[in-house]
Amino acid sequence: MSKDFRNQDQLKQLAKGIFHVGIQAVDPAACIQRELRLAGNVLQVGTKKFLLDRIHRIFLVGIGKGSCAMALAAENILGDLIHRGIAVTKYGHGLNLSS
């Protein structure tokens, strides 16, 4: 009978692991961290690459409950490269942003 409980505990641990991986996959900040890269003079968004010497100003725009978390993650990556930005979100989901 203890074997059944051990298997049940293993299943619970597996289910928790799957749940946490799923949450991480849709976490707004984690999504930005996966898809937005800055390497020297090259900004990569997904598979698109942009040479920053051709970009004069970067504006950050976000709408939705995850937009503030995404904007904060983008600020952490881009820093002073962001000229201005706005993130519109549901009451209670706001964050303090620099840009």
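The stops run from the whole chain to single residues.

**Before starting**

This is a predicted model, in which local features need pLDDT of at least 70 and side-chain atom pairs count only at pLDDT 80 or more, while totals for chains, interfaces and linings use all residues. Residues are numbered from 1 along each chain as its sequence is written, and side-chain values use heavy atoms, with hydrogens and water left out.

**Stop 1: the whole chain**

Select the protein chain and colour it by secondary structure. Three helices and five strands are present, where helices (H or I, at least four residues) and strands (E, at least two) are DSSP runs numbered from the N terminus. Following the sequence, the order of these elements is α-α-β-β-β-β-α-β.

Next, display the C-alpha trace, which spans about 70 × 35 × 15 Å along its principal axes. The radius of gyration of the protein chain is 19 Å, whereas a compact globule of 99 residues would have one near 13 Å. This radius is taken over C-alpha atoms, and the globule rule is 2.2 Å times the number of residues to the power 0.38.

Of the 99 residues, 16% are buried. Buried means under 20% relative accessible area, exposed means over 50%, and partly exposed lies in between (1.4 Å probe, protein chains only).

**Stop 2: helix H2**

Select residues 28–35, which form helix H2. Which residues are buried in this helix? They are Ala-29, Ala-30 and Ile-32. These residues lie on the same side of H2, because they cover an arc of only 160° around the axis; the arc is that of the directions from the helix axis to the C-beta atoms.

Cys-31 also has its place in helix H2. Leaving out residues up to four places away in sequence, Cys-31 touches Ala-25 and Val-26, contact meaning heavy atoms within 4.5 Å.

**Stop 3: Ala-71 in helix H3**

Select residues 67–78, helix H3, and find Ala-71 there. Is Ala-71 buried or exposed? Ala-71 counts as buried, because its relative accessibility is 7%. Beyond four places in sequence, Ala-71 touches Leu-60, Ala-87 and Leu-97. From Ala-71 to Ala-29 the C-alpha distance is 8.0 Å, although 42 residues separate the two in sequence.

**Stop 4: the nonpolar patch**

Select Phe-59, Val-61, Ile-63, Ile-86 and Val-88, which form a nonpolar patch on the surface with about 550 Å² of accessible area together. Strand S4 (58–63) and strand S5 (82–88) are the elements that give two or more residues to this patch. S4 gives the most, with three residues. Patches are made of residues with over 30% relative accessible area and no salt bridge; like charges are joined within 9 Å, and nonpolar side chains (Val, Leu, Ile, Met, Phe, Trp, Tyr) within 5 Å. A salt bridge is a side-chain nitrogen of Lys or Arg within 4 Å of a carboxyl oxygen of Asp or Glu.

Ile-86 counts as exposed, because its relative accessibility is 52%.

**Stop 5**

Select Leu-95 in the segment after S5. Leu-95 counts as partly exposed, at 42% relative accessibility. Apart from neighbours within four places in sequence, Leu-95 is in contact with Cys-68, Ala-69 and Leu-72.

Finish at Ile-55, in the loop between strand S3 (48–51) and S4. Ile-55 is partly exposed, with a relative accessible area of 33%. Its C-alpha atom is separated by 11 Å from that of Ile-82, 27 residues apart along the chain.

Technical notes
Areas by Shrake-Rupley, 256 points an atom, 1.4 Å probe, with all protein chains shown as cover.
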